[in-house]
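I opened my notebook beside the model today and went through it piece by piece. Here is what I looked up, in the order I looked.

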Amino acid sequence: MEPPAQHRRVTIVDVARHAQVSTTTVSKVLRNAYGTSPQMRVKVRQAIADLGYRPYAAARGMRGQTYTIGVMLPDIRNPFFPEIVDGLTDVLWETDYQVLMAPGRNGEKAEARVTEAMIDRGMDGMVLVAPISSRTHLEHVAGIVPTVVVGRHGHSAVYDTVSDDDLTGAALVVDHLADLGHRRIAHIEHSETDPRRIAEMPNAIRAEGYRQAMRARGLEDEIDIVSTTYTQQGGYLGAQQLLARPDRPTAIFAGADIVATGVLQAVSEAGLAVPDDISIAGYDNTSFAALGPISLTSVDQAGRHIGANAAKLLLERIADRTRPTAQVKLSPTLVARRTTAPPPPA
C-alpha cells in the first residue's frame, strides 16, 4: 500500500500567481506595509483565502516578526488563569498576533526553560502570569523580548506590570466576615519564604492584607495563618489543620478560589455545614464560584480586565521599546454569596 501523497505547502509565489500580482505586493499586504491600494489588498487577501496560505512563522521571524505572543501560566489547573487569557485574546483578536501558551509549573527552572524557549522561537512579546523567577531573570528576559508581568507587584524599568490591589482585596474579605460577626477568621496562604519575592508576590501581599485588616478590626489576637499552596490539595490540607484547632475558626479566608475548593472538601468530610458551622471565602471570583451548588463568596479581581490591560501594554511595548514602563493596578470588589453568614451561636 502506497503512503498517502503529501500536500505541498502553499507559498507566497503561489499567492502572487493566483492574484496576478508580484510577490513584493503580497509581502506588503502580509506586513500591512505602505504602498498597496485597498483594491489590491482585497485581491491578495482573497487569493490567500482561496489557497489556504499560511505565512511560515520562521521565515517571518527572520524578517523581524513572527506575530506570536507567548503566555506563561504557572498552573493550567487554576480556573482563574483562563479569565486572563480570555482578556488577552479579546484584545489580540483583531490583530495579526497569535497566542501560544506554556506552563511554568510554579518553579524557577521550569519558568526559565519556558521563557528561553519562547525567546529561541522568536516570539514578538511575552506575558508572564504570576512568575516566581527572580527580578534579575525577569529583567534579563524583558531586555530581549517585550514583556508584561501579570499578578506581581513592584516596579521595573524594563517590563510593564498588571496586578490586583491585593491588600485591599484581603481587607474586603476580613471586613465582610467581621461585619457578619466573625472573630476567629483564619487564612490559608501560599507558602513564600524567599525574601526577594515576599514584597512582590500576590499571595504574600494578601496574607499581609489579612494581618493588617485583622489588626484594624481589633482582632490581632485572632490572627491565624496556615501556609500551604495555592492548589486544591493545599486548601484541603490547610483546612484540616485549622479544623483540628481546639477553638476552630468560624470562618476561613482561602487565598484563591482553587484553595477554597479543597477547604470545602475538608469541611464536608469533617461533617460540618457551610455556612451554618463555618463560613468560607475565596479570591479570584472564578466561574465555578458562581455555580449554584457552590455559591462561593469571593474577591473579584477582574481577570479579563487584567488580561486586556496586559495585551494593550504589550502591544505598546512592541511598538515602542523605549517608552517608560507602566504599572497598572486594578481595584477588586467582593462578591458575597451563600458560603458566608453570621457565625453559629457560641
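Which residues of the largest nonpolar core touch the most other members? I found 26 residues in that core, and Ile69, Val71, Ile84, Val127, Val129, Val150 and Val162 touch the most other members. For my own record, a nonpolar core is a set of buried Ala, Val, Leu, Ile, Met, Phe, Trp, Tyr and Cys residues joined through side-chain atoms within 4.5 Å. Buried means under 20% relative accessible area, exposed means over 50%, and partly exposed lies in between, with a 1.4 Å probe and protein chains only.

**Ground rules**

I note that this is a predicted model, in which local features need pLDDT of at least 70 and side-chain atom pairs count only at pLDDT 80 or more, while totals for chains, interfaces and linings use all residues. Residues are numbered from 1 along each chain as its sequence is written, and side-chain values use heavy atoms, with hydrogens and water left out.

**The whole chain**

I counted 13 helices and twelve strands in the chain. These are DSSP runs numbered from the N terminus, helices being H or I of at least four residues and strands E of at least two. Of the 346 residues in the chain, 50% are buried. The C-alpha trace spans about 85 × 50 × 40 Å along its principal axes. I also looked at contacts, meaning heavy atoms within 4.5 Å. Among those with a separation of 6 or more, 69% join residues 24 or more positions apart.

Where do the core residues come from? S1, helix H5 (81-92), S3, strand S4 (147-150), helix H13 (303-319) and S11 each supply at least two. H13 gives the largest share, six residues.

**The parallel sheet**

I traced an open sheet of six strands in the order S2-S1-S3-S4-S5-S11, with parallel pairing. Two strands pair if DSSP finds at least two bridges between them. S2 (98-103) and S11 (327-330) stand at the edges with a single partner strand each, so one side of each is left without a neighbour in the sheet. The twist averages 15 degrees from one strand to the next. Angles run from 0 to 180 degrees between N-to-C directions, the axes being lines fitted to C-alpha atoms, for helices over the stretch in contact. S1 (residues 68-73) and S3 (residues 125-129) run parallel and are joined by four bridges. Ile69 stands opposite Gly125 in S3.

**The mixed sheet**

I then followed six strands in an open sheet with mixed pairing, in the order S7-S6-S8-S9-S10-S12. S7 (224-228) and S12 (333-335) are the edge strands, each pairing on one side only. Here the twist averages 20 degrees from one strand to the next. S6 (residues 185-190) and S7 pair in the parallel sense over five bridges, and His190 stands opposite Thr228 in S7.

Is S9 covered or open? S9 (residues 279-283) is mostly covered, with five of its five residues buried. Ser279, Ala281 and Tyr283 point one way, while Ile280 and Gly282 point the other. S8 (residues 251-254) pairs with S9 in the parallel sense over three bridges, and Ile280 in S9 is the bridge partner of Ile252. S9 and S10 (residues 297-300) also run parallel, joined by three bridges, and Tyr283 has Val299 in S10 as its bridge partner.

Helix H8 (residues 166-179) lies across S6, S8, S9, S10 and S12, at about 165 degrees to S9. H12 lies across S6, S8, S9 and S10, at about 160 degrees to S9.

The peptide bond from Val274 to Pro275 is cis, with omega near 5 degrees, and Pro275 is in the loop between H12 and S9. Asp284, in the loop between S9 and S10, is not a glycine, yet its phi is positive, near 130 degrees. Asp284 is buried, with a relative accessible area of 5%.
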